Amino acid sequence: MRDCGDILRNDPSAVSGEYVIQPGDGGPEITVYCDMKDGGWTVIQRREDGLVDFYRNWAEYKEGFGNVNSEFWLGNEQINRITFDGSFELLIEMTDNLDEMKIAKYSHFRVGTEDSNYALKISGYTGTAGDSLAYHNGQQFTTYDRDNDKSSDNCAEHWKGGWWYKSCYESNLNGLYLTPGTDDLTSINWFHFHNNRASLKKTVMMVKRAP
């Protein structure tokens with residue numbers, strides 16, 4: 001089973017939860033969380049309570065951290081391995097401090113290899129949150145100890161996250177988890193959802209093989 005979509009196709013009664021997948025590159029198995037709605041999504045990030053620190057270094061963002069049943073980053077290496085084989089969609093669900101949820105969906109999503117510094121390829125936005133990821137298309141991943149952005153400063157160090165920063169961002173979903181609704185640009189935010197002026201309460205990022 002290469003991803004959660006394969007698991008659901010193999011067993012249409014499968015429910016959302018923790019599974020083990022084997023991407024098509026022949027590498028090691030990966031433990032993932034599957035959201036089985038709408039064909040089966042493989043979750044790559046979740047923020048919900050601030051119990052996991054996302055201000056991490058390059059090696060930690062490469063390998064992943066947290067727990068797939070709560071807050072976590074699956075790992076840039078794992079995201080690359082899942083998305084290298086075929087065309088993938090990305091779905092982001094975001095919830096604000098008033099429990100309003102909006103989505104951003106992209107019809108094309110891929111993360112490159114470490115040789116590309118896990119460069120982001122993204123296009124085909126639809127949704128209700130507004131497109132705050134197109135600005136980051138083509139950008140390499142940056143952490144506080146590996147500066148690959150276009151700014152004269154290190155955007156990850158300045159804005160307290162790990163992301164595909166440019167100069168610096170329109171989205172910062174791996175920023176600091178602050179009290180939801182807080183007006184602070186180091187927090188979890190999405191420009192077109194409250195203009196970066198209200199820290200988000202929950203985010204989930206997930207991928208699925210495109211039809």
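This note walks through the disulfides, the strand pairing and the nonpolar core of a predicted model.

1. Start with the cysteines. The model has two disulfides. Number the bonded cysteines in sequence order and the pairing reads 1-2, 3-4.

2. Take the link of Cys4 and Cys34. Their sulfur atoms sit 2.0 Å apart. A disulfide calls for sulfur atoms within 2.5 Å, so this pair qualifies. The angle about the S-S bond is -75°, and the link is left-handed. Cys4 belongs to helix H1 (residues 4–10), while Cys34 belongs to strand E2 (residues 30–35), so the bond ties together parts that are 30 residues apart in sequence.

3. Are these two cysteines buried or exposed? Cys4 has 0% relative accessibility and counts as buried. Cys34 also has 0% relative accessibility, and it too counts as buried. The cut-off for buried is under 20%.

4. Now the link of Cys155 and Cys168. The S to S distance here is 1.9 Å. About the S-S bond the angle is -80°, which makes this link left-handed. Where do the two partners lie? Cys155 is in helix H4 (residues 155–159). Cys168 is in the loop between H4 and strand E9 (202–209). The two are 13 residues apart, and the pair links distant parts of the chain. Both Cys155 and Cys168 are buried.

5. Next, look at strands E6 and E7. E6 covers residues 88–95, and E7 covers residues 101–111. They run antiparallel, joined by seven bridges. Thr95 stands opposite Met101 in E7. Together the strands make a hairpin with five residues between them. Find Asp99 in this hairpin: its phi is positive, near 65°.

6. Follow E7 to its other partner listed here, strand E8 (residues 120–127). How many bridges join E7 to E8? There are seven, and these strands run antiparallel. To see the pairing on screen, find Ala104, which stands opposite Gly127 in E8.

7. Finish with the largest nonpolar core. It holds 56 residues. Which members touch the most others? They are Leu90, Ile92 and Trp190. Which element gives this core its largest share? Strand E6 does, with five residues.

Note on methods. Residues numbered from 1 in each chain as written. Predicted model: local features only at pLDDT ≥ 70, side-chain atom pairs only at ≥ 80, totals over all residues. Heavy atoms only, no water. Core = buried A, V, L, I, M, F, W, Y, C linked by side-chain atoms within 4.5 Å. Buried < 20%, exposed > 50% of the residue type's maximum accessible area, 1.4 Å probe, protein only. Helix = DSSP H or I, 4+ residues; strand = E, 2+ residues; numbered from the N terminus. Pairing = 2+ DSSP bridges.
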